[in-house]
Amino acid sequence: MSAVADKYSDLQKLGVEVISVSVDSHFVHKMWNDHELTKMVEGGVPFHMASDQAGNVGRAYGVWDEVQGIELRGRFIIDPDGVIQAAEVLTPPVGRRLAETIRQVQAFQHVRATKGAEAMPAGWVPGGTTLKPGPDLVGNVWKVWKPSMEG
Amino acid sequence: MSEQPQGCARITGTVSGATPEPSGPEERHADKEDVMTARVGQKAPDFTAPAYHRGGFTSVQLSSYLGRWVLLCFYPGDFTFV
């Protein structure tokens with residue numbers, strides 16, 4: 001979570017709020033923040049660290065692991081209408097790459113800003129070519145985009 | 001997101017609109033898949049949960065962020081290594 005905390009100001013600039021969730025109590029969250037995360041990130045964790053000891057929230061998001069009694073590394077991008085636009089779930093030993101999350105947020109924000117008129121091809125990064133789906137684009141994607149253009 | 005009184009009860013996250021779980025183990029259902037399951041393109045299940053935030057204990061509700069983008073991150077546990 002320190003990786004997310006570290007990039008919190010970048011996320012805030014994009015208008016993104018963060019909530020982290022685990023099965024630890026909020027008391028343990030405080031101890032983890034005070035004793036370890038503050039040593040990794042100046043000022044500690046700036047967002048809400050939520051506690052889901054019974055796994056109710058994790059079950060609703062499909063990340064509850066009943067064998068281990070923990071929540072898997074699930075990451076959800078939720079838009080201003082409360083709709084989930086992206087989800088990624090990893091097993092515990094591998095961490096997320098926040099830069100990819102930020103890229104996806106930027107892509108979904110671009111789609112939203114164009115009211116769905118533009119779509120983001122594979123590998124799109126801000127400033128990259130977008131696609132404008134419509135009758136003229138059918139069969140003609142090759143004219144405006146190819147895999148070598150991936151950012 | 002009000003400051004919460006801190007008792008000794010084991011408070012936990014709750015999905016909005018979900019019926020409280022029966023207390024007796026014999027009454028528990030083995031599978032609770034009837035609880036709303038998240039899917040991309042669908043509404044995010046709303047929830048309320050106790051939280052630690054900038055030195056204080058509070059409560060956080062997902063739907064209070066309607067109108068803003070939210071990054072919701074689950075992780076296996078505090079003091080784990082990744």
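Across the interface of chain A and chain B, 32 residue pairs, both at pLDDT 80 or more, are in polar contact. A polar contact is a pair of N or O atoms within 3.5 Å; within protein, one must be able to donate a hydrogen and the other to accept it, and residues adjacent in sequence count only if both atoms are side-chain atoms. On the side of chain A that touches chain B, helix α3 (residues 26–40) gives the most, with ten residues. Helices (H or I, at least four residues) and strands (E, at least two) are DSSP runs, numbered from the N terminus. That side of chain A divides into 37 nonpolar, 20 polar and 14 charged residues. Here Ala, Val, Leu, Ile, Met, Phe, Trp, Tyr, Cys and Pro count as nonpolar, Asp, Glu, Lys and Arg as charged, and the others, Gly among them, as polar.

The structure is a predicted model, in which local features need pLDDT of at least 70, side-chain atom pairs count only at pLDDT 80 or more, and totals for chains, interfaces and linings use all residues. Residues are numbered from 1 along each chain as its sequence is written, chains are lettered from A and ligands numbered from 1 in the order in which they are written, and side-chain values use heavy atoms, with hydrogens and water left out.

In the interface, 71 residues of chain A are in contact (heavy atoms within 4.5 Å) with 48 residues of chain B. The two chains bury about 5500 Å² between them, 62% of it on carbon and sulfur atoms. Buried area is the accessible area (1.4 Å probe) that two parts lose on being put together, summed over both. I19(A), H26(A) and H48(A) supply 13% of the area that chain A buries against chain B, more than any other three residues.

The chains also share strand pairing. Strand β1 (residues 16–22) of chain A and strand β4 (residues 69–74) of chain B run parallel and pair over six bridges; two strands pair if DSSP finds at least two bridges between them. In this pairing V16(A) stands opposite W69(B).

Salt bridges are the next topic. A salt bridge is a side-chain nitrogen of Lys or Arg within 4 Å of a carboxyl oxygen of Asp or Glu.

| Salt bridge | N to O distance |
|---|---|
| R68(B) and E17(A) | 3.7 Å |
| K30(A) and D34(A) | 2.7 Å |
| R112(A) and D81(A) | 3.1 Å |

E17(A) is buried, with a relative accessible area of 8%, while R68(B) is partly exposed at 32% relative accessibility. Buried means under 20% relative accessible area, exposed over 50%, and partly exposed in between (1.4 Å probe, protein chains only). K30(A) and D34(A) both lie in helix α3 of chain A, four residues apart, about one turn of the helix. D79(A), D81(A) and R112(A) are linked in a network of salt bridges.

Chain A has six helices and six strands. Of its 151 residues, 47% count as buried.

In chain B, strand β2 (residues 47–53) runs antiparallel to β3(B), joined by six bridges. Five of the six residues of strand β3 (residues 56–61) are buried. In the hairpin of these strands, which has two residues between them, R54(B) takes a positive phi near 45 degrees.
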